[in-house]
Amino acid sequence: MNTRLAYEFRKKILKEKIVRFFKYRYIITKETIEKINFTLILSLTSTLLITAVTSTLYYNFSKNSEPTAIPHAEELQYWGQIGDFIGGVLNPLLSFLALMAVLHTIKIQRHELKEAREEAKLANTIQNKQTEVFERQNFESVLFRLFDVHNKITDRILNTKKYSDSAFQKLLSSFKSELAELDNAEQPTINSGPSTSYFIWRQNEIDKIAKAAGATLSKQNQETLSHYFRNIYQILKIIDEQQFSGENTTTRIRDEYTFKRRYSSMFRALLTGDELKIIVVNCYTNNGSGLKKYIEKYSILKHLETYDFLDDRKMALDFFNEMAFLDSENISDAHISRFDFNKQRGTLSRTSRVFGIANE
C-alpha cells in the first residue's frame, strides 16, 4: 500500500514538473516573440513574397533552352500579361501586410493611450490625496490654534481678580440666585386642564431659566465671556463645515459624522464640568442659539452633571435635542439626518430668550 502511494505521489510530482516546464517554455517563447520588431518581420515577409513571385516567374522562363531567354519578347502584350500576373499576386499580399501594419500601429497607440490614461489617473489620484492631506493639515492647524486660544481665554477668566479660582462656580451661583429671585416673584394662576397647565408651567420654567441666564451673563465681564463663547462657536463651526473626502457609499452619513465628531470630542475633553454648565446657561439666552445647534449635534453635554445644576428642573434639559447627551454608539444615521433636516427647515422649537452673550 505504501509503495503504491509513493508511486502515485512520484507520478503526480513528475506530471506537475512537465506541466511547469511547458508553461515556462511557452511564456519564454511568447516573450521572445513579442520582443521581435514587428516592422522587421513585415519587411522580411514582403521581401520573401517579392522574391517568391520573381523566382516563380524566372523558373517559368528557364524552361526554355536558354534560361534567360524570354519568349515572345517582341510582343508588348505579353509583357503586359506578365505585369498583370506580378501585380495580381503581390498587390493583395502587400495590401494585406500594409493592413496588418496599420492594425498593429493602432494596437500600439491604444496601448500607449491606455497607459497614458492610467498614468494620468494615478497622477490625479496622488494629487487629490496630496490635496486632501494638505487641507487636513491646514484644518487641524487652525483647529488646534483655536484650542490653544480657548485655553488662554479660560486661563484669563480664572486668573481675573474678579473671578479668582472659582470663576465658573461664581457664575453658576449668580445664575442660581437670579433663578431664586424669579421663583419668589408672584406667579400667574393657570386656569386650564392638567395637560395644558403642565405645558404652560413647563414653558414658564424655561422662560424663567432664560431670563436668569440673560441677567447673569449681562452682569458679568461681557467682553471676556463674549470672547469665550464666540471662540467655542467658531471651533464647532469649523469642525462642522470641514469637507469630508470619503467615498459615496451607503455609510457616508455615518463616516462623515464620525470624522467630525472625532474632532469635537477632542474639544469636549478640554471642557470642565463647570464650563459645560456655563455653556448650557448661554444656550438659553437669545444669542446662544448658534452655539446650541452644535452643542446638540456633537453631544457636547454628554458628560454634563445635572444633579446639582438645575435642582428639580431636570425637565428644562428637554430644551436640548436628545443628541446632546448621547454616546456615539447610540446615534443612528436617522438621528443625524433628522437633526440636519430639522435645523435646515428651522422646525425645532425655540423659546423666548433675552439678553445674553453673542456667539457669532
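A polar contact is a pair of N or O atoms within 3.5 Å, where one atom must be able to donate a hydrogen and the other to accept it. The model shown in these views is predicted.

Figure 1. The side chain of Ser264 makes a polar contact with the backbone oxygen of Arg261, at 2.9 Å. Ser264 has 0% relative accessibility and therefore counts as buried, the cut-off being under 20%. Leaving aside residues up to four places away in sequence, Ser264 touches Leu236, Ile239, Tyr298 and Ile300.

**Figure 2. Gln242 in the loop between helices H6 and H7.** Helix H6 spans 222-241, and Gln242 is located in the loop between H6 and H7. With a relative accessibility of 15%, Gln242 also counts as buried. Its contacts, not counting residues up to four places away in sequence, are Phe139, Phe259 and Lys260. For the pair Gln242 and Lys260, the C-alpha to C-alpha distance is 7.6 Å, at a separation of 18 residues in sequence.

**Figure 3. The crossing of helices H4 and H8.** H4 comprises residues 167-184 and H8 residues 273-283; their axes come within 9 Å and cross at roughly 40°. Because of this angle, H4 is oblique to H8. The crossing of H4 past H8 is left-handed. On the H4 side the contact is made by Phe168, Gln169, Leu171, Leu172 and Phe175, and on the H8 side by Asp274, Glu275, Lys277, Ile278 and Val281. Sorted by class, the residues of this contact are six nonpolar, one polar and three charged.

**Figure 4. Burial of helix H8.** H8 is largely enclosed by the rest of the structure, because nine of its eleven residues are buried. The buried residues are Glu275, Leu276, Lys277, Ile278, Ile279, Val280, Val281, Asn282 and Cys283. Among them, Glu275, Lys277, Ile278 and Val281 also take part in the contact with H4.

Figure 5. Of its 360 residues, 31% count as buried. Among contacts between residues at least 6 apart in sequence, 78% join residues at least 24 apart.

Notes: Residues are numbered from 1 along each chain as its sequence is written. This is a predicted model: local features need pLDDT of at least 70, side-chain atom pairs count only at pLDDT 80 or more; totals for chains, interfaces and linings use all residues. Side-chain values use heavy atoms; hydrogens and water are left out. Buried means under 20% relative accessible area, exposed over 50%, partly exposed in between (1.4 Å probe, protein chains only). Contact means heavy atoms within 4.5 Å. Axes are lines fitted to C-alpha atoms, for helices over the stretch in contact, and angles run from 0 to 180 degrees between N-to-C directions. Helices (H or I, at least four residues) and strands (E, at least two) are DSSP runs, numbered from the N terminus. Angles under 35 degrees count as roughly parallel, over 145 as roughly antiparallel, 65 to 115 as roughly perpendicular and the rest as oblique. A crossing is left-handed if the near helix is turned anticlockwise from the far one by less than a right angle, and right-handed if clockwise. Ala, Val, Leu, Ile, Met, Phe, Trp, Tyr, Cys and Pro count as nonpolar, Asp, Glu, Lys and Arg as charged, and the others, Gly among them, as polar.
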